[in-house]
Amino acid sequence: MPSVKTEERHDKAMGLDVMHPALALRLLASGQQAAAKVVDSAIESITAAAQIAAASLAGGGRLAYAGAGSSGLMAMTDALELPGTYGIALDKVVVLLAGGAASLTDLAGGYEDDMELARKDVREAGIGAGDCLISVSASGSTPYALAAADEARERGARVIAMANNPGAVLFQNAEVAILLQTPPEVISGSTRMGAATAQKIAFNMFSTLVGIHLGHVYDGHMVNLKADNAKLRGRAIRIVSDIAGIGATEAGRHLTTSSGSVKIAILLAAGAKDVAAAEAALAETGQNLRRALSAVAAH
């Protein structure tokens, strides 16, 4: 059986409870920083995972996240940001958190051992062919994460696994395995710390690359955001203004015409005859703004 690195003892934690508070915090900070660095070794696998997820979404499928405890919360955080950041439809993103809503107020540990619950969650969500599921577990052996991955795979979904231990069981049948080999936690076994930090960074990278593949990023801008509050409306105006090279007032006018669509507003500013023409340019280019701008310029 592979060693469980996430449960090992940190070699500098001796006497942590009697350290000067500032020294204790420095040790905790160094633990987080060391965890963050391991993501560099997972670049290739995160790249492959994002390609699979983007292909599923582009093909009309869904992206599902499954996990328990702290790992499940990291997955849920990433999933919930996708509609607002990249305009991915709510019904295209599925969150399977062990225990469901109850875990948001009481992160009880029992749910993570319930394999039938995981299978039921996958079945009830209708995960299957055309979909992609990413299952996450710090140890790589959490029963809920394992069963969710198995059920999704049996139903025809493409499966990605993320874990913090080499040789994790979760990796065995996954199409892509994302290993985030974090060092032992300063508080032994407290994987909400270093392991979760690495997971959060990896998820950030994964979902951002998915957004790029789907054509929802232009330079450093989120051009498919859902501007549903005053802050995001202001951000949308700045994005249109920056990319199109126009003033805020004109950018706001184009956004009003486009019913809040940043991409369409930019295409209108670039010379698209009307909203229908802008929509056609996006449809022809797979919703990729850069290619759509080239198409508009060519007409």
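Which residues does Leu96 touch, not counting residues up to four places away in sequence? This report answers that question and then describes other parts of the structure.

## Basis of the report

This is a predicted model, in which local features need pLDDT of at least 70 and side-chain atom pairs count only at pLDDT 80 or more, while totals for chains, interfaces and linings use all residues. Residues are numbered from 1 along each chain as its sequence is written, and side-chain values use heavy atoms, with hydrogens and water left out.

Leu96 touches Tyr65, Ala66, Gly67, Asp121, Val122, Ala125, Leu133 and Tyr144, when residues up to four places away in sequence are not counted. Contact here means heavy atoms within 4.5 Å. Of these residues, Val122 lies 26 residues from Leu96 along the chain, and the C-alpha atoms of the two are separated by 7.6 Å.

Leu96 belongs to strand β2, residues 93-97. Helices (H or I, at least four residues) and strands (E, at least two) are DSSP runs, numbered from the N terminus. Leu96 has a relative accessible area of 7% and is therefore buried. The term buried means under 20% relative accessible area, exposed means over 50%, and partly exposed lies in between, with a 1.4 Å probe and protein chains only.

## The chain as a whole

The protein chain has eleven helices and seven strands. Its C-alpha atoms fill a box of roughly 65 × 50 × 35 Å, taken along the principal axes. Of its 299 residues, 47% count as buried. Among contacts in the chain with a separation of 6 or more, 65% are between residues 24 or more positions apart.

Two packed helices are described by the angle between their axes and the distance between the axes. Axes are lines fitted to C-alpha atoms, for helices over the stretch in contact, and angles run from 0 to 180 degrees between N-to-C directions. Angles under 35 degrees count as roughly parallel, over 145 as roughly antiparallel, 65 to 115 as roughly perpendicular and the rest as oblique.

The axes of α9 (residues 262-269) and α11 (residues 289-298) come within 10 Å and cross at roughly 25°, so these helices are roughly parallel. Their crossing is right-handed; a crossing is right-handed if the near helix is turned clockwise from the far one by less than a right angle, and left-handed if anticlockwise. Lys263, Ile266 and Leu267 of α9 meet Leu289, Ala292, Leu293 and Val296 of α11. By class, this contact has six nonpolar, no polar and one charged residues. Ala, Val, Leu, Ile, Met, Phe, Trp, Tyr, Cys and Pro count as nonpolar, Asp, Glu, Lys and Arg as charged, and the others, Gly among them, as polar.

The axes of α9 and α10 (residues 275-284) come within 9 Å and cross at roughly 110°, so α9 is roughly perpendicular to α10. This crossing is also right-handed. The contact is formed by Lys263, Ile264, Leu267 and Leu268 of α9 with Val275, Ala278, Glu279 and Leu282 of α10.

His254 is part of helix α8, residues 248-257. With 14% relative accessibility, His254 counts as buried. Apart from neighbours within four places in sequence, His254 is in contact with Ile246, Ala265, Leu268 and Ala269.

Asn164 lies in the loop between β4 (158-163) and β5 (176-179). Asn164 is buried, with a relative accessible area of 0%. Its side chain reaches the backbone oxygen of Ala195 at 3.5 Å.

Terms used:
Polar contact = N/O pair within 3.5 Å; in protein donor to acceptor, adjacent residues only side chain to side chain.
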